[in-house]
Structure formats: structure tokens, C-alpha cells
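Subject: Structure handover

Hi,

Here is the structure I promised to pass on to you. Have a look through it first, and then read my notes below.

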Amino acid sequence: MNHLDPGAERNAEPAETGRLREALAAAAYEVTPSRVPLAAVERRGRMIRRRRRTTVLGAGCAVLLGPLAFVTLHGPDDGDRVTRPAATVSASPAPSASPTVSAPTPRVVEPGERVTATPGFVLWLTEEGKHWTTPDMPEGQFRSVMDGNIDRTRPGVSLQTGGTDGRVLASGVYYGGEGTASVVEVASEDGPVRGELLELPGRPGWGVWYAVAHSGVEAPVTVRDTEGRVYATLP
């Protein structure tokens with residue numbers, strides 16, 4: 001019976017492998033490699049580059065058109081379709097009424113109460129009538145409203161004048177008018193002069209007016225009521 005040497009089997013295997021490799025190498029050398037398809041490769045490269053440019057351009061357009069799309073979606077037309085909350089209207093405060101300036105009324109004095117219009121020119125009223133003094137007549141003068149010289153049932157005005165130190169002192173009695181006497185105006189050489197009114201309490205239906213001017217005083221004398229109407233006049 002023959003026995004193989006194990007060492008010989010190990011040495012024989014590498015020799016067969018080497019011969020196989022030599023045979024494969026010889027066969028490879030005899031194979032002629034095919035030509036590289038350069039044209040196809042170039043076409044493929046151009047196609048890839050075009051796709052990339054298209055992709056970049058598409059992305060850029062998307063970036064540019066994004067705001068426009070937002071404006072279009074949220075433009076004026078949408079505002080017509082969207083119901084906005086109603087604006088709150090605050091009520092304006094009512095304008096305060098301007099204070100009404102009341103027309104002046106006569107100064108009410110007690111019987112015998114002295115009123116100094118200017119130094120030396122003093123007036124006072126009693127139930128009988130008008131009393132006054134002037135610098136040139138300090139003893140005083142009197143005009144009655146009770147002796148029948150005036151008709152208190154009809155509107156009327158009287159006029160008395162005096163003068164001193166370049167001043168003209170004018171006064172008189174008014175009576176019989178309708179409403180409430182308010183102002184008096186008397187003519188002078190320098191133009192109209194407005195005077196003051198005095199009455200006793202209780203609306204007796206008559207009163208006294210007086211004024212101080214710097215030039216000659218004459219008619220007309222006009223007393224007006226609180227409505228601006230003529231209460232009484234001396235033509």
C-alpha cells in the first residue's frame with residue numbers, strides 16, 4: 001500500500017495555482033480592449049449639466065416668485081372677501097355750550113342811598129323822585145315823578161345837564177317802557193356816550209340815568225331793554 005507524503009501534497013498545490021495564473025495572464029494579454037465611447041460620455045455630461053442648471057434656475061424662480069405669490073394671495077381682492085372687525089367709533093363729547101352773557105340791568109339802590117358818579121356829582125333816589133348835586137350846585141336839585149309833570153303810563157326820558165372842570169354832567173328820569181331797562185346812550189359832540197341806570201327795589205316803573213362826557217351833551221337819549229329794543233327815547 002502506497003502512502004503519499006503530506007509535505008509533497010502541500011508543495012504540489014501551489015505549483016498548479018501558479019500555472020493557472022500564468023494561463024489566465026496569457027489569455028488576458030491576447031484580449032484587445034474595446035474603444036472608450038467618448039462621444040457618449042460627453043453627451044451624458046452635457047445632459048447632467050443641463051439638468052443641474054434647470055434645477056438651479058427652478059429653485060431661483062421659486063425664491064423670486066414666492067413673495068409675488070404671497071402678494072397675490074393676500075392682495076386687495078382678498079381684502080374684499082375678508083370681513084374685518086368693525087372700527088370702534090368713540091362718541092365725541094358734546095361741545096359745551098358757550099356761557100350766555102346776560103344783558104346788564106339797572107343797579108338797584110335803597111331810597112336815599114348816595115351814588116357818586118364823579119367828585120361833586122352825586123345822585124340818590126326816593127319814592128318821590130330824583131335828587132342830585134353838582135359842584136356848582138352843591139345844595140342839590142330835585143325832579144319829582146309824583147307831581148304829574150311826567151306820564152308814567154307812557155314811555156319817556158328827561159334830560160338835565162350841568163358842567164364843571166371840562167366835564168359835562170348829564171342825568172334824567174326814564175319811565176313807562178315795557179320790559180327791563182338795560183342801557184342808556186346819549187349824544188355828545190364827541191359821539192355817543194353810554195351811561196348808567198339806577199332803580200329802587202320792587203320795579204317801580206321808573207329810574208334814573210346818568211353819564212359823564214367831555215363835550216356838549218344833547219338829545220337824542222335812548223334807553224334800551226335787555227332784548228335790545230327801545231324802552232324809551234327822547235328825540
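Thr-118 is found in strand β2, which covers residues 115-118. Strands here are DSSP runs of E with at least two residues, helices are runs of H or I with at least four residues, and both are numbered from the N terminus. With a relative accessibility of 12%, Thr-118 counts as buried; buried means under 20% relative accessible area, exposed means over 50%, and partly exposed is in between, using a 1.4 Å probe and protein chains only. Its side chain makes a polar contact of 2.5 Å with the side chain of Arg-167. (A polar contact is a pair of N or O atoms within 3.5 Å; within protein, one must be able to donate a hydrogen and the other to accept it, and residues adjacent in sequence count only if both atoms are side-chain atoms.) Leaving aside neighbours within four places in sequence, Thr-118 is in contact (heavy atoms within 4.5 Å) with Arg-167, Leu-169 and Val-212.

Before going further, a word on the source: this is a predicted model, in which local features need pLDDT of at least 70 and side-chain atom pairs count only at pLDDT 80 or more, while totals for chains, interfaces and linings use all residues. Residues are numbered from 1 along each chain as its sequence is written, and side-chain values use heavy atoms, with hydrogens and water left out.

Now to the hairpin. Strands β4 (residues 129-134) and β5 (residues 137-144) run antiparallel and are joined by five bridges; two strands pair if DSSP finds at least two bridges between them. Two residues lie between β4 and β5 in this hairpin, and Gly-129 has Ser-144 in β5 as its bridge partner.

Thr-133 lies in β4 and counts as buried at 12% relative accessibility. Not counting residues up to four places away in sequence, Thr-133 touches Gly-120, Phe-121, Val-122, Trp-124, Pro-138 and Gly-140. A polar atom of the Thr-133 side chain lies 3.5 Å from the backbone oxygen of Gly-120.

Next, the rings. Rings of Phe, Tyr and Trp (its six-membered ring) pair if their centres lie within 6.5 Å; planes under 30 degrees apart count as stacked, over 60 as edge-to-face and the rest as tilted. By this rule there are two aromatic pairs. Phe-121 and Tyr-210 form an edge-to-face pair, because their ring centres are 6.5 Å apart and their planes are at 90 degrees. Phe-121 is in strand β3 (residues 121-126) and Tyr-210 in strand β11 (residues 206-213), so this pair ties together parts that are 89 residues apart in sequence. Phe-121 and Tyr-210 are both buried. Tyr-174 and Tyr-231 are also edge-to-face, at 5.8 Å centre to centre and 80 degrees between the planes. Tyr-174 in strand β8 (residues 167-175) and Tyr-231 in strand β13 (residues 230-234) are 57 residues apart. Tyr-174 is buried with a relative accessible area of 0%, and Tyr-231 is buried at 6%.

Two charges sit over rings, which requires NZ of Lys or CZ of Arg within 6 Å of the ring centre and within 35 degrees of the ring normal. The charged end of Arg-114 is 3.7 Å from the ring centre of Trp-124, and Lys-130 lies over the face of Trp-132 at 3.7 Å from the ring centre.

As for the whole, the protein chain has three helices and 13 strands, and 29% of its 235 residues are buried.

Best wishes
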